[in-house]
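Q: I would like to learn how labels are given to parts of a protein model, and how each label can be checked against its definition.

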Amino acid sequence: MPINIQPILISMELILQDVLKTNFIPPQYPTAFREIAIPVPTPPGVTNLPSFIYFDLDNQFTLTQEQDIKNAISLVLFSWFHHLSQKWNGGANNGISDLAACNNVYAIRNLQPTWYIGSRIPNGLVATNVAMDQFTRLIRDNGLRLAPKAKIFAASLANGSLVMALTALNRTKVPLSFIVDLSKASDIGISTGSIMHAWLHRAGFYDPNTTSYFITECSMCVMRDYELKNLFLSDSAFYRFFS
């Protein structure tokens, strides 16, 4: 199979999964999977959360790569947990998290997810609150088996991308599926920022991957541990791995 056909076939399968919202679709890219489970931390003020989220992991990944993927997803979960914990602010629910503060400095474009209906989202702070609330929904739907089973495919991606996910058009029952470039995962490991970027696509946010766009700035904030940008390190050094 030509290497550039892999992500196309997988994307076709993921589109069918999004549209039909079922696990029972003809596989466009047949492969074997094994289930992995990742513990979900519980932020204050958030109820009805599952103990774990679940993924069908492509059997092409080694056990070392499996652990790297688990670790990266756990760090994304921690970013979500950290945001909601700081926002909770002892029950006032008006705190500004490190992630929201970072995004508010840099993110000014594509602040609204595809499914959003309401008043215009004015800044990166509000966009972060919307995105992390949607993460709560994605986590709950996954762990409680309300969404189709999330799949993590191994394939070859173009343009240096490490992880690829489709932008979801719906708010509910969205599978947390994405593609990881197998060769790059072996060479450079799994980037937490790339997984965050993929989840933001699943939360309904669009690219492009460039400075000032929410999906990119939010992912880079996570990669910088919420610190301000370093003038000697270009944004493209981060977002070249996004897709």
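A: Let us start with accessibility: a residue is called buried when its relative accessible area is under 20%, exposed when it is over 50%, and partly exposed in between, using a 1.4 Å probe and protein chains only. This is a predicted model, in which local features need pLDDT of at least 70 and side-chain atom pairs count only at pLDDT 80 or more, while totals for chains, interfaces and linings use all residues. Residues are numbered from 1 along each chain as its sequence is written, and side-chain values use heavy atoms, with hydrogens and water left out.

Q: Why is Glu217 called buried?

A: The relative accessibility of Glu217 is 0%, and the limit for buried is under 20%, so Glu217 counts as buried.

Q: What makes the pair Lys229 and Glu217 a salt bridge?

A: A salt bridge needs a side-chain nitrogen of Lys or Arg within 4 Å of a carboxyl oxygen of Asp or Glu. The N to O distance between the side chains of Lys229 and Glu217 is 3.1 Å, and the two meet in a salt bridge. Lys229 lies in the loop between helix H7 (214-223) and helix H8 (236-239), and Glu217 in helix H7, so the pair ties together parts that are 12 residues apart in sequence; helices here are DSSP runs of H or I with at least four residues, strands are runs of E with at least two, and both are numbered from the N terminus.

Q: Which other residue forms a salt bridge with Lys229?

A: Asp235 does, with the closest N and O atoms 2.8 Å apart. Asp235 counts as buried at 13% relative accessibility, whereas Lys229, at 23%, counts as partly exposed.

Q: How do you know that Glu35 and Lys149 form a salt bridge?

A: Their closest N and O atoms are 2.8 Å apart, and the definition asks for a distance within 4 Å. Glu35 lies in strand E1 (residues 33-39) and Lys149 in the loop between helix H4 (124-143) and strand E3 (150-155), so the pair ties together parts that are 114 residues apart in sequence.

Q: Are Glu35 and Lys149 buried or partly exposed?

A: Glu35 has a relative accessible area of 47% and is partly exposed, while Lys149, at 17%, is buried.
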